[in-house]
Amino acid sequence: MISSISNQQVKEITKLQKQPKYRKASSLFIAEGFKMLKEAAENGCLVKTYISEFVLEKKHESLEWLCKEFPYETVSDQVFRQLSGTVTTQGILGIVKQPSYSITDILDDKKHIWLLLDDIRDPGNLGTIMRTAEGAGMSAVIMGKGTADLFNPKTVRSTMGAIFRMPFVYVDDITEIIKQIKDNGYSVYGTAMKGSITYDMADYTKGAGIVIGNEANGIQDSVLECITGSINIPMDGKLESLNAAVAAAVVMYEAARQVRRENL
């Protein structure tokens, strides 16, 4: 049993939780909780499990399967509390391989409706957007330079497992991807406070890209210059803008509604 925070494996877990560069270099990240580890296992991503002594004694129904199929270590309750990134821990976490997708496969997707993120910085927003993108049936989430780290522990928790099911990719130049989408015959719309049309007037039924910009500054000028057109979300009251994740949800579900209606 691991009973010291000086243990080398504990140090490894801590680095994966706190150091984005180390996560990127190792192509690994940390996931917590039975649901997340089950998702990781089912998608071939789970590497090793760490279980608190208290949880091991409780004999959770998923433990037997996890312990049989994957390497695991028992961790003292005191050490596990220091490892966990949540206030109310389930007492189990795992080292997980990062899912990986190619931009070629993503652009060849049959749905042809992509969400593009231009410099989304908040980890919670990113996780919520990933989760919502899966629910709305997007092809993939394409993240431009400056977008938050998808494998940040807070982001991972916010995805509620969508991180293992929703295709995604980081790209150095999001404008190049927008140009590729347009060259393939699809429109690309970007949300803006003074968009030329409302979000529900755009036609998403033939496939489209949807761009969501930075929480504070919106979509960069260089990106606005290459999209098909800007769209706005009408608001009552004195609000100037919506949260980025909420705005993304509004537009994605409008696209999903149009696609459903077209397929009736």
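Contact here means heavy atoms within 4.5 Å. The model is a predicted one, in which local features need pLDDT of at least 70 and side-chain atom pairs count only at pLDDT 80 or more, while totals for chains, interfaces and linings use all residues. Residues are numbered from 1 along each chain as its sequence is written, and side-chain values use heavy atoms, with hydrogens and water left out.

Buried is used for under 20% relative accessible area, exposed for over 50%, and partly exposed for anything in between (1.4 Å probe, protein chains only). Helices (H or I, at least four residues) and strands (E, at least two) are DSSP runs, numbered from the N terminus.

Next up is helix α10 (residues 174–183), where I174, T175, I177, I178 and I181 are buried. Looking down the axis of α10, the buried residues fall within an arc of 160° (taken over the directions from the helix axis to the C-beta atoms), so they line one face of the helix. An α-helix has 3.6 residues a turn, so residues three or four places apart point the same way. The cover over the buried residues of α10 includes α7 (103–107), β5 (113–117), β6 (140–143), β8 (187–191), β10 (208–212) and α11 (221–224). After α10 comes G185, with a positive phi near 100°.

Strand β8 has 4 of its 5 residues buried, so the rest of the structure largely encloses it. Pairing (at least two DSSP bridges between two strands) links β8 to β10 through 4 bridges, in parallel. A further 3 bridges join β8 to strand β11 (residues 229–232), also running parallel. Y189 stands opposite I210 in β10, and its bridge partner in β11 is G229. Over in helix α11 sits S222, which is partly exposed at a relative accessible area of 40%.

As for charges, the whole structure holds 10 salt bridges, each a side-chain nitrogen of Lys or Arg within 4 Å of a carboxyl oxygen of Asp or Glu. One of them pairs D149 with R23, the closest N and O atoms being 2.6 Å apart. D149 lies in the loop between β6 and α9 (153–159) and R23 in helix α2 (residues 20–26), so the pair ties together parts 126 residues apart in sequence. R23 is buried at 2% relative accessible area, whereas D149 is partly exposed at 23%. K35 and E39 form another, with closest N and O atoms 3.4 Å apart; being 4 residues apart in helix α3 (residues 34–42), they are separated by about one helical turn. K48 and E73 form a salt bridge at 3.2 Å between the closest N and O atoms, linking strand β2 (residues 46–52) to strand β3 (residues 72–75). Finally, salt bridges that share partners join K35, E39, E134 and R165 into one network.
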